Amino acid sequence: MYLPDFDYYAPDSLAETCEALERFGAKAKVLSGGTDIIAKMKSGLLSPGVLISLKKLEDLKKIDYVSGKGVVIGALSTHNDLVNSKILNDKYLSVSEAAHNMASNQIRNIGTVGGNLCNAVPSADLPPILIALGATIKLVGTKGERVMLLEDLFTGPMKTVIAENEILTEIVIPDQLSTGSNYIKFGLRRSGALAVVGIAVAVTVNGGTITEAKIAIGAAAPTPIRAREAEKFLQGKTISDDLLAEAGVIASGESKPISDIRGSAEYRRDLIRVLTRRALHKAINEGHV
Amino acid sequence: MSKDYAVIGKNVPKIDGREKATGAAKYAGDLKFPNMLFGKILTSPHAHAKILSIDTSEAEKLPGVKAVITHKDVPALKYGISPARWDENIFCIDKVRFVGDKVAAVACIDEETCYKALKLIKVEYEVLPAVLDALHAMDEGAPQVHDEYPRNINTEIHQNFGDLDKAMAEAHYIRKDYFVGQRTYQSPIEPHSAVSIWKDNKLTIYSSTQSPHYFQYYIAREFGLKMGDVRIIKPFVGGGFGGKLEPTGLEFAGSVLSKLTGRPVRTFYDRHEMFAHNRGRHKVYMELTTGVDKEGKILGVHANFVSDGGAYTSLGVATSYYAGGLLTLTYEFENYKFDMIRVYTNLPACGAQRGHGAPQPKYAFESHLDNIAKDLGIDPLEIRLRNARQPNTVTINDFGINSCELTACLEKAADISGWREKKGNLPKGRGIGIATGSFVSGAGYPIYRNDLPQSAAMIKVHEDGTAATLYTGAVDIGQGSDTALCQMAAEAMGYRYENMKIIAADTETTPHDFGAYSSRQTLMSGSACKQAGEEIKKQILDIASTIMSLPPDDLDCRLGIIFSKSRPTAKTITFEEAARRFFVLRGPLLGRGVYHVPRLGGTFKGAAVATSPAYSFCAQISEVQIDEETGEVDVCEVWDVHDCGQVINPMQLHGQVHGALYMGVGEAIWEEVLFDDQGKILNPNLGGYMLPTALDMPIVHSELVESYEPAGPWGVKEVGEGATNPTMGCFNNAIYDAMGVRIDSLPLTYEKVWRAMKEKREGKKEV
């Protein structure tokens, strides 16, 4: 367990960062919190020739509310920044709670939101709740910037649409019509566990009827997925226990989990059934929690 | 503990607490010496392969590399810790036997160069078919892990006591159950490290060890050195739990590297390498058959086990005997058959882990006993009370039991947990379970045959009497023996704990002791320290009698004050005054103590294993909440009631119960070392190997019952391992009570509980 040799750069500006990424191409990797990449380099899974650190890009470490836009989360915000953000605690406690249930305090202190998203691990805890809330991301490269839905970021396990010269700079949770959201992480212990499955929902409830529902699931497929059939099923229906249970069954049917050391595919599918129901119940009754 | 004692029975501050809490304490991996080199071992990437060639030339050329060694550079003498099966070489000669087997080593100017050098060693292998499944290791035509052991049988035990056939014929009810354990690893917080210094024919090793004595013996043997020329020093150690009892490649390779380079060499394992070196708990496959009478009284038991030993023996011979031997302790029965086969596989070697050999069989037996109780309609507490071991009895396999308050433990656990109110009255999803445990207070015989005393101790009082130093070979690896032994020495001397110093676990300066294993030190090392303290007191009272002009028999010393027993108003003098006077007139004030175990046990094969001067007993009750949909197990509360004799330091004692229980909690629900189909560990790190976190710990109530053990100094006996033994069975029984499902393999994972509930709902499985 020892880091292989690599060259290290810490550019002063976003533009220089993108230029450096372009110059080094495939042999470069971005270093943000480092909680994932350093471990992978130590165990020999990755050996990039160049690490480009974002640590001098102070502007990317912020959580603000921008009127007309939404909650803007800089990509370098740490998980604990999410946990402790008053803005998030007030508006989307579900996001703070999702961050709070991740990993361990040491990792939450240094790991970043951008890293968690760009790493594109199927079991990551932040993508489901951010997708359910319709979050967008901004990618900045040498040729300009682009904004897209977070759910379009992922193309496979540890694969994204991010180009070699691009970095993710911010995540925006747009102002919501939804009345409640919730994320349930099912881990095998209460701290320091990866999600066996992670279920996020956002619902818009109007007088006993669900006008819109979004369900996003982690560790259920090669990328975080939307349970679109279940969402469609819920739309316009009157809330009942049976309705939510049926939505769970449908969402479970839409998932394509794998078997690994944390759980079999069969177990994961059943957990998705149960936890989708519970997450919906919570979001409907308790708001953004 | 009686109020008459001044020092023992009290919560004194831990003697090394300040150093540890402030980070001043130095562990083996913290030590630095001038010109020190760093050493690393190259290990096998294959579970089973022939070594065709090893080319070290490229590694040798790398700047900063000072030595590269393979089997050609080290003695070919096989070593091990169980003398019956010395089967390890410092480096593999002809073939490698598991992923992680030792092939070569380097010594370099820094750690980074070591890793680069290891990559430059070219080893050509011919991969062989591997044995990864213990149950097929004995098959005709299975690959042979060691040529010397046909059908991969490492240890085979067949013991028969009483008349089992007759007992079964007379039984009202017979039940057979089958359970499977799992591989777990001790996961001490401190990784193994050693600094070896071989200079002028003398070898000194600072090592994170549980036993300097065994290291000294085996290292001297391996290198053909006199024991007096091998010095083993234990710095602070961050936990062992059985995994640091035997010398490793670190000490052997480090020594040779130091000899070749003439410089100190620090060798160390990282977390992955610790998992690969292993010596953790064996996975045991356990079939139990028990016959009982109408009242649930056990008439006879047949335990039929197979265990996966991994590629080498380690302590596995003893583990195998312990697995069945200790089953006779908590419940009285007169007919017992124990069959056991430990097989070799191409996986890391298993050894001794907290509760050595006992916890998995105990999980099986406690689950099995609950099944029997249910079949007969007897309350689980009641069936245990009916069978509970009584004091002053002898087990069917010849272990003499003196003190035993198991009945009182069961009654108290039932009372404080509210068993009688809760049993049968808890809502669905909530359950309560019970189990018992017992453990040796020190193994009755050493690991290799010898006639040395178990422990010896020495006390030197400083010349002006203001301090006394206890010299003991006993090994504090975090459990607190340095503190407890200083309390015992001070009590025996009539002195103060605050003035005690200790020098421990250094083979050159401290008297012999076998070390920290089998929960032996409070009783055994404590006996030697008590005797040394009493010898000091006798001498101090003798000199005091001349100063005070009173007969020595009329004098006593308590907390450093010497007084007349018959004349409370007579002028007292201090220990310091008397000690100083002693030095002036007679020279150094020294006390010596030695402890031998009396001859124990029967004469049958394997009779020595699990003998002990005394046995602890305990009862555990736990309450769990099960998520009926996900199978999630929440252990809400645990009540542990121990009979561990008299108590030297209550806070340390309860700390041991919490620690042992913590390990039991982990092994019960979470921990398992997993392998892929090539024998590679899938979870060799603390992210993948699921130790419980602080948030996962239940509320723990640790309580005691009054007990006095005649074989122990001041009536003490074991506590450090006993509390691990009942836990897995206890939780399994609570899960059964909650949901009516019986999990027949460890760990009791959420998914297994979920699956068992599902199968029960679907009517697939009868319990």
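This tour moves through chain A, the interface of chains A and B, and chain B, naming at each stop what to select.

The model is predicted: local features need pLDDT of at least 70, side-chain atom pairs count only at pLDDT 80 or more, and totals for chains, interfaces and linings use all residues. Residues are numbered from 1 along each chain as its sequence is written, chains are lettered from A and ligands numbered from 1 in the order in which they are written, and side-chain values use heavy atoms, with hydrogens and water left out.

**Stop 1: the domains of chain A**

Begin with residues 1-178 of chain A, which UniProt annotates in an unreviewed entry as "domain: FAD-binding PCMH-type". UniProt positions follow the numbering used here, feature names are shortened, and annotations may be inferred rather than shown by experiment. The end C-alpha atoms of this span lie 47 Å apart, and the span is 32% helix and 25% strand. Helices (H or I, at least four residues) and strands (E, at least two) are DSSP runs, numbered from the N terminus.

Next, colour chain A by domain: domain 1 (7-53), domain 2 (58-173) and domain 3 (180-286). These bounds come from an automatic or database domain assignment.

**Stop 2: domain 2 against domain 3 in chain A**

Select domains 2 and 3 of chain A, whose C-alpha centres lie 21 Å apart. Here 22 residues of domain 2 of chain A are in contact with 23 residues of domain 3 of chain A, contact meaning heavy atoms within 4.5 Å. The two domains bury about 1700 Å² between them, with carbon and sulfur atoms giving 61%. Buried area is the accessible area (1.4 Å probe) that two parts lose on being put together, summed over both.

Now display the side chains of Arg228(A) and Glu151(A), which meet in a salt bridge at 2.7 Å, N to O. The term denotes a side-chain nitrogen of Lys or Arg within 4 Å of a carboxyl oxygen of Asp or Glu. Between domain 2 of chain A and domain 3 of chain A the count is 3 salt bridges.

On the side of domain 2 of chain A that touches domain 3 of chain A, α5 (93-100), α8 (126-132) and β8 (154-156) of chain A are the elements that give two or more residues. Of these, α8(A) gives the most, with 5 residues. By class, this side has 13 nonpolar, 7 polar and 2 charged residues. In this scheme Ala, Val, Leu, Ile, Met, Phe, Trp, Tyr, Cys and Pro are nonpolar, Asp, Glu, Lys and Arg are charged, and the others, Gly among them, are polar.

**Stop 3: a backbone detail in chain A**

Centre on Ala219(A), in the loop between β13 (209-218) and β14 (225-226) of chain A. Its phi is near 60 degrees, a positive value in a residue other than glycine.

**Stop 4: chain A against chain B**

Select the interface of the two chains, where 22 residues of chain A are in contact with 27 residues of chain B. The area buried between chain A and chain B is about 2200 Å², of which carbon and sulfur atoms give 51%. On the chain A side, Tyr2(A), Arg189(A) and Arg190(A) lose the most area to chain B, together 32% of what that side buries.

Show Arg278(A) and Asp627(B) next: they form a salt bridge, with the closest N and O atoms 2.8 Å apart. In chain A, β11 (180-187) and α11 (265-286) are the elements that give two or more residues to the side touching chain B. The most come from α11(A), with 8 residues.

**Stop 5: domains of chain B**

Colour chain B as domain 1 (17-24 + 454-595), domain 2 (31-128 + 189-239 + 244-277) and domain 3 (354-442 + 609-761). Then select domains 1 and 3 of chain B, whose C-alpha centres lie 38 Å apart. About 1400 Å² is buried between these domains, 65% of it from carbon and sulfur atoms. Ser518(B), Ser519(B) and Leu523(B) supply 38% of the area that domain 1 of chain B buries against domain 3 of chain B, more than any other three residues. The count between these two domains is 0 salt bridges.

**Stop 6: a cis peptide in chain B**

Finish at Leu746(B) and Pro747(B), joined by a cis peptide bond with omega about -10 degrees. Pro747(B) is in the loop between α17 (727-739) and α18 (750-761) of chain B. Most peptide bonds are trans.
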